[in-house]
Amino acid sequence: MKKMLLVYNPKSGKGQIRFSLSKIIERFSAADYDVTVYPTKAAMDATDITCTRAADFDMIVCSGGDGTLDEVVTGLMESGVRRPIGYIPAGSTNDFAASVGIPRQMERAADTVVEGRVFQSDIGRFNGSDYFVYVAAFGLLTDVSYQTKQELKNVLGHAAYIIEGVKRLGSWRSYSIQFESEEMSGSGDFIYGMVANSHSVGGFKGLPGTDIELDDGLFEVLLVRTPGDLLDWQKMLSALLISEESNEHVIRFKTHRLVVRSEEPLAWTRDGEDGGEHLEVELENLPRTLDIMTGDNPEAADAQIAEQTQEPEMIEPEVEPELASLVEYLETLFRPETEV
């Protein structure tokens, strides 16, 4: 009988896994797995248990948000052993699950764990010793993308991104950085930067760009320059919305290694979780390092992403007044005749 370690975050997704846990375990048992279940109790708990116990199991399965997956992958990398990972998404965005075709429904995801195929995905190494599954980022959107209300995302898509940003118009910061890679180097003032290996980030499909392959050994890099005036803001936002290639406001390119230096400590996130503050960060792509159980072909994952962001019939009542006022302000802000 094969051995499986099931690590789950009981707080992810408002504790949804509690309602499906019994059926999930029964499904794994029916597939001839001896299942050891471990609920996490604190931050980095999933990393610790995976690092110390990975060698004792044939497969590691985790359930939670992208942060939980990040912890399990980090623990596996630190353990020095290679095992396939199954993922049952239970978070609010689940970017990576959507990108590799893992169903959002927990019991269907459990079927994928035992019936799917192994996909060898790239992951990232952060400053030589830390890891991330699909995104490392700094600046404005690292906060905005994960704090935008899911109801707004579901109804408005990318427009919700702008609306949440408008709410923070007076608190956006600019960062003076230098970036260096074989493909492109430069410097300047930026409000956002990221390297990604995913079809979506923060629940927004297309933000990392187009023509994305998760096993090509390359990151998608996005750097957004600090706009000088309202017209620059409009051009920058438009470029982001349509995944436009590099222009004077938005820089996009692919690379296997990127170094970012800043004049003051810069706060980073890794897979949406705190990555610490750094003056210099080296981001390396580790090709085909993660063995993840997948369903649909990752290169054709658009349908799965769409499934996870289907529009509800109506906006929930508590969101509507806020939405109406923000839309009105947004229209005023970007109307061509607006005086500055």
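A residue counts as buried under 20% relative accessible area, as exposed over 50%, and as partly exposed in between. In this predicted model, aspartate 32 has 39% relative accessibility and therefore counts as partly exposed. Aspartate 32 is placed in the loop between α1 (21–30) and β2. Its phi is near 70 degrees, a positive value in a residue other than glycine. Most residues other than glycine have a negative phi.

**Overall composition and confidence**

The chain has 340 residues, and buried residues make up 52% of them. Its secondary structure comprises 11 helices and 15 strands. Of the contacts between residues at least 6 apart in sequence, 75% join residues at least 24 apart. The average pLDDT of the chain is 82, and 75% of the residues score at least 70. Over residues 299–327 the pLDDT is below 50, and this stretch has 46 contacts in the model beyond near neighbours in sequence. The pLDDT is also below 50 over residues 329–340, a stretch with 15 such contacts.

Helix α2 covers residues 45–53, and its buried residues include Asp45, Ala46, Thr47, Ile49 and Thr50. An α-helix has 3.6 residues a turn, so residues three or four places apart point the same way. The cover over the buried residues of α2 includes the strands β1 (2–8), β2 (33–39) and β3 (59–64), together with helix α3 (66–79).

**The largest pocket**

Helices α2 and α3 also take part in the largest pocket: each of them, like strand β15 (273–294), supplies at least two residues of the lining. The largest share, seven residues, comes from α3. The pocket holds about 620 Å³ of space. Its lining numbers 30 residues, of which Asn9, Gly67, Thr68, Glu71 and Glu273 lie nearest the centre. By class, the lining consists of six nonpolar, 13 polar and 11 charged residues.

**Strand pairing around β14**

| Strand pair | Bridges | Direction |
|---|---|---|
| β7 (residues 135–139) and β14 | three bridges | antiparallel |
| β8 (residues 175–180) and β14 | four bridges | antiparallel |
| β14 and β15 | nine bridges | antiparallel |

Phenylalanine 138 has tryptophan 268 in β14 as its bridge partner. Glutamine 178 stands opposite arginine 261 in β14. Valine 259, in turn, stands opposite glutamate 282 in β15. The hairpin of β14 and β15 has two residues between the strands, and in this hairpin aspartate 271 takes a positive phi near 55 degrees.

**Two residues of β15**

Strand β15 contains asparagine 285. This residue counts as buried because its relative accessibility is 8%. Leaving aside residues up to four places away in sequence, asparagine 285 touches Asp122, Ile123, Gly217, Leu218, Phe219 and His256.

Arginine 288 also lies in strand β15. With a relative accessible area of 44%, arginine 288 is partly exposed. Its phi is near 50 degrees, a positive value in a residue other than glycine.

Terms used
Residues numbered from 1 in each chain as written. Predicted model: local features only at pLDDT ≥ 70, side-chain atom pairs only at ≥ 80, totals over all residues. Heavy atoms only, no water. pLDDT = per-residue confidence, 0-100. Contact = heavy atoms within 4.5 Å. Buried < 20%, exposed > 50% of the residue type's maximum accessible area, 1.4 Å probe, protein only. 1 Å grid on protein atoms, 1.4 Å probe; cavity = no way out; pocket = protein on both sides within 12 Å on 5 of 7 lines; lining within 4 Å. Points joined across faces, edges and corners; volume = space filled by probe spheres on them. Nonpolar A, V, L, I, M, F, W, Y, C, P; charged D, E, K, R; others polar. Pairing = 2+ DSSP bridges.
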